[in-house]
Amino acid sequence: MALFNKIKQKAFGEFIDIIEWTDDTSDTMIWRFPRYNSEIKNGAQLTVRETQVAVLVNEGQFADVFQPGRYELTTNNMPILTTLKGWKYGFNSPFKVDVYFVNTKQFLNQRWGTANPIMMRDPEFGPIRLRAFGSYNFRVQEDPIPFIKNVAGTSGEFTTEGISEQLRNFVITKFTDYLGESKIAALDLAANMNEFSQELTIGLKDDFAEYGIELTRFLVENVSLPEAVEEALDRRTSMGVIGNMTAYTQMQFADSLKDSANNPSGGGNLAGDAMGAGIGLAMAGQMAGQMMNPQAGQFHGGQQPPQQAAPTPPPMPQQTTYHVAVGGVQQGPFPVSQLQQMIQQGQLTRDTLVWTAGMPAWAAANSVQELSQLFGAVPPPL
């Protein structure tokens, strides 16, 4: 990690005449020059490289700070240490002092994330739990003494691991508070990631500054919903994509017949399979038509009943049908019996908009007297 290129041997001890630090790590923030019992020679050469600052500490008292450059350690360029040592007329003997090198580069891609879900009240989903993660960049402030004093202490080598946990606590606390106060719907969080990042960069600067650290950038990379909510959203999206239920039912039925015809172990002949497929498509169309319009009549054996001259009973009273708005798409009309099935399957809720002939406008299903009774027989969701 660290190199000091030349150490002169004396008869009764070692005098250090070159002090420098070449860092080959990516996470070391502070490194103390290994002086041990050796003494620094008067006029020793101190080399401070770019992204480094050297700090002299005399018996626990901070002395002179050296920015990047090459220095000859004499009383002329060590005024604070000269005062602490009481060198009134200069000196010729070696001296003892601790030399700390502080890494001033940016430490990038420091990860943060919520260990536990964040509870919040969403305007659309109600009480909900969210998880989030991201990254941030920081560096030691221009004046390194507060960082050494408040964080590193007398440690001979200090890395980002020693401060990262405390910084993550700052981040998660501030992020949780900001997310709750924003009152942004969960589905709109993706559109506000950049604003979140900018606001939190400003909000966290003071917390980091207390430890002598400058927060240079903060990023919110993802805010995720619970798995159950994501599955419900996927089903809701699928219903919106399907749109026309009649065409979808016919397509599904045709695909199943095609798979059966391509199955060599299914038996039968090609003509019979083709006839069966044709009859199946016709049946699918009639079934879908009845689902969408229950007044279309019944079918039997895939054929229309022959017309007879014999008197027929009077027609059944027409059942009221309703159009339904699912995922912003108009569907239907559906009979009341099918609406009850949709309620049991979770596709129709009390707040779903419905309309039928005679209504002046779309209204919530729970506000229609004929439909409001259906919700009383449906158990609440788990």
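Biologist: Does Lys 183 count as buried or exposed, and at what relative accessibility?

Modeller: Before the value, note that this is a predicted model, in which local features need pLDDT of at least 70 and side-chain atom pairs count only at pLDDT 80 or more, while totals for chains, interfaces and linings use all residues. Residues are numbered from 1 along each chain as its sequence is written, and side-chain values use heavy atoms, with hydrogens and water left out. Buried means under 20% relative accessible area, exposed over 50% and partly exposed in between, with a 1.4 Å probe and protein chains only. Lys 183 therefore counts as exposed, at 66%.

Biologist: Where does Lys 183 lie, and what is its phi?

Modeller: Helices (H or I, at least four residues) and strands (E, at least two) are DSSP runs, numbered from the N terminus. On that basis Lys 183 lies in the loop between helix H3 (161-182) and helix H4 (193-209). Although Lys 183 is not a glycine, its phi is positive, at about 55°.

Biologist: Which loop holds Glu 59, and what value is its phi near?

Modeller: Glu 59 is located in the loop between strand E5 (52-58) and strand E6 (61-66), and with a relative accessible area of 76% it is exposed. Its phi is positive in a residue other than glycine, and the value is near 50°.

Biologist: What C-alpha separation is found between Gly 60 and Gly 153?

Modeller: Gly 60 also belongs to the loop between E5 and E6, and its relative accessible area of 60% makes it exposed. Gly 60 and Gly 153 are 93 residues apart along the chain, and their C-alpha atoms are separated by 9.7 Å.

Biologist: How many salt bridges does the structure hold?

Modeller: The term requires a side-chain nitrogen of Lys or Arg within 4 Å of a carboxyl oxygen of Asp or Glu. One of the pairs is Glu 20 with Arg 49, whose closest N and O atoms are 3.2 Å apart. Glu 20 lies in the loop between strand E2 (14-19) and strand E3 (28-32) and Arg 49 in the loop between strand E4 (39-48) and E5, so this pair ties together parts 29 residues apart in sequence. The number of salt bridges in the structure is four.

Biologist: How many residues apart in sequence are the parts tied together by Glu 221 and Arg 111?

Modeller: The side chains of Glu 221 and Arg 111 meet in a salt bridge, at 3.0 Å from N to O. Because Glu 221 lies in strand E13 (residues 213-224) and Arg 111 in strand E9 (residues 107-113), the parts tied together are separated in sequence by 110 residues.

Biologist: Which residues have the most contacts inside the largest nonpolar core?

Modeller: A nonpolar core is a set of buried Ala, Val, Leu, Ile, Met, Phe, Trp, Tyr and Cys residues joined through side-chain atoms within 4.5 Å. The largest such core has 44 residues, and those with the most contacts inside it are Tyr 136, Phe 138, Phe 175, Phe 208, Phe 218 and Val 220.
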